[in-house]
Amino acid sequence: DPLLAHTAICPKIPDNGQSWPWCELANVDPEKLLEFTYRIGDEWLAPKLMRFDTPSVCPSCIEDAQSGSSSFLGSGAPIWWYIDGIRSCPIHGRALIQLPRPERGRCKHDHAGRVRDNISLIMKALKSGERCAPTEVELYVIRRLSCGRSKHRRWVDRLDIGTVIRASEQLGLVALGNNGRDQSKIDEQTLAAASSAGFSAISRGPKNLARELATLRPKRPRGGFYSEFFPFSRWLERMQSRPGCAPLCDVAREFVVHNYLCDVGEVVIGKRVSTRHVHSISSAAEKAKVPFPRMRKALGAAREGQALSHLPRPDQNLWVKTADWDEWLERFGSAITLKPAARRLGVCSSTFSRLVSDGLFKPLASVPEMAPRYLPFDIDKLVAAVCIDAVVVQDMSKGRPPSGQRLQRRVQSAFFLQKLKFALCQAVFFGTKDMQCVVILHQGMVNDIDFVGDFFKHVMAFLNCDI
């Protein structure tokens, strides 16, 4: 049989794991036969892809055979008539008709006999004249079966034929919005349109496929990848161990872990996740080491555009990308409120508030209904900058200098006694670790710097500390 000369029908591997002599002669790995049963040239096809019980035929091809211009009435039928997913003839551009199951006593591989048994059905379809142009995926599969894979192999050539056909159908159903319907109730025209839509995404490479998957995500999330991309996601779960589907699974897995909640160690399409790429409210709160309600309030304000405009907005689930948010989350976890910030600087809360209003300190985030928070790093940076540029005008005398509010009151008294011509709110006094009193003057406050130096020499003696 010319068909069987093209196609190697392989029985199941025996339980004892032994190989057959013909496998060694043909240099065929017996392990592959666990997954693929039919071999056509260099292509291995799964048995579920072959329709020997109900093959399809082209009425025009049969008519040509009757006139003697082809041999399709014999055993030399084109192999794509037996492949599930091929619905049109590339020669005549018309729909294939599916033959019923063979009658009792008729072998399913007896192609010529089955054509003779159903010739009336075929001729009736011929008179109807139904046209059906072949889709891109059908032309690709037929060309690959007839001529082999392209010399300049594309990414889609790395997938086996069964993966190309089924992935195009399942992804196309998602694109057409038929992902919630029973596939047994979907007509052939819809499946053909789905195959065409899915193949256009798969055939142009992994980057284009990832963009198409992002486009197909619903604007209103319905859950995870499995529910939003059903039945494509269910098909991937079944095919995750097939070598011929590995490149497609890799692309889909990358898309899932970069767009959905996946914990480290979780298995996604056959492999464990090594790095988290998306934060929920809980994982973001854990990353920042802050309470859940505080994180929910911050992400909610960012979602509404009320805060954190420099960061990408969270989605409707308040999920955020780790690459964009991790740095801010670490800073948010270390930020402190007004009173701890004032204590760190060595001033009272009202003085620190004046510093904020004057622009010396900026809160990390101004979230509605949440107290402003400040970075300890910013406070320490200001203190370090002041200490580097400071000039010692008199050494510290014996005794412990006053601190806190008592120091501030005495400084205010000194200012009042000397009747300086600038306001107290324009100067800041705080104690550092080496028990010094540091004075910060805003630029443009005074014109005579010598007067200021002489004044603080007198204030230093009054405060009994180094300035």
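**Figure 1. Helix α13 passes α14 in a right-handed crossing.** Here the near helix is turned clockwise from the far one by less than a right angle. This is a predicted model: local features need pLDDT of at least 70, side-chain atom pairs count only at pLDDT 80 or more, and totals for chains, interfaces and linings use all residues. Numbering starts from 1 along each chain as its sequence is written, and side-chain values use heavy atoms, leaving out hydrogens and water. Helix α13 spans residues 281-288 and packs on α14 at an angle of about 110°, with the axes 9 Å apart. (Axes are fitted to C-alpha atoms over the stretch in contact; angles run from 0 to 180 degrees between N-to-C directions.) The pair is therefore roughly perpendicular (65 to 115 degrees; under 35 is roughly parallel, over 145 roughly antiparallel, the rest oblique). From α13, the contact (heavy atoms within 4.5 Å) takes in Ile281, Ser282, Ala284, Ala285 and Ala288. From α14 come Phe292, Met295, Arg296 and Leu299. By class, seven of these residues are nonpolar, one is polar and one is charged. (Ala, Val, Leu, Ile, Met, Phe, Trp, Tyr, Cys and Pro count as nonpolar; Asp, Glu, Lys and Arg as charged; the others, Gly among them, as polar.)

**Figure 2. Helix α14 also meets α15.** Helix α14 covers residues 292-303, and helix α15 covers residues 322-334. Their axes come within 13 Å and cross at roughly 135°. The two helices are therefore oblique to each other. Their crossing is right-handed. On the α14 side stand Arg294, Met295, Ala298, Leu299 and Ala302. They face Trp325, Trp328, Leu329 and Phe332 of α15. The contact holds eight nonpolar residues, no polar ones and one charged one.

**Figure 3. Helix α9 packs on α12 with axes that come within 10 Å.** Helix α9 runs over residues 206-216 and α12 over residues 246-259. They cross at roughly 45°, so α9 is oblique to α12. Once again, the view shows a right-handed crossing. Pro206, Leu209, Ala210, Leu213 and Ala214 belong to α9. Their partners in α12 are Leu248, Val251 and Phe255. What classes make up this contact of α9 with α12? Eight residues are nonpolar, with no polar and no charged ones.

**Figure 4. The largest pocket holds about 760 Å³ of space.** (On a 1 Å grid, a pocket is an open set of points where a 1.4 Å probe fits, with protein on both sides within 12 Å along at least five of seven lines; lining residues have an atom within 4 Å of a point. The volume is the space filled by probe spheres set on the points.) The lining counts 31 residues, and those closest to the centre are Lys48, Leu49, Asp84, Arg166 and Trp235. (Helices are DSSP runs of H or I, at least four residues; strands are runs of E, at least two.) Helix α7 supplies the largest share, five residues. In the lining, twelve residues are nonpolar, seven polar and twelve charged.

Figure 5. Most peptide bonds are trans, and most residues other than glycine have a negative phi. Pro231 sits in the loop between α10 (225-228) and α11. Where is Ile269? Ile269 lies in the loop between β6 (267-268) and β7 (271-272).
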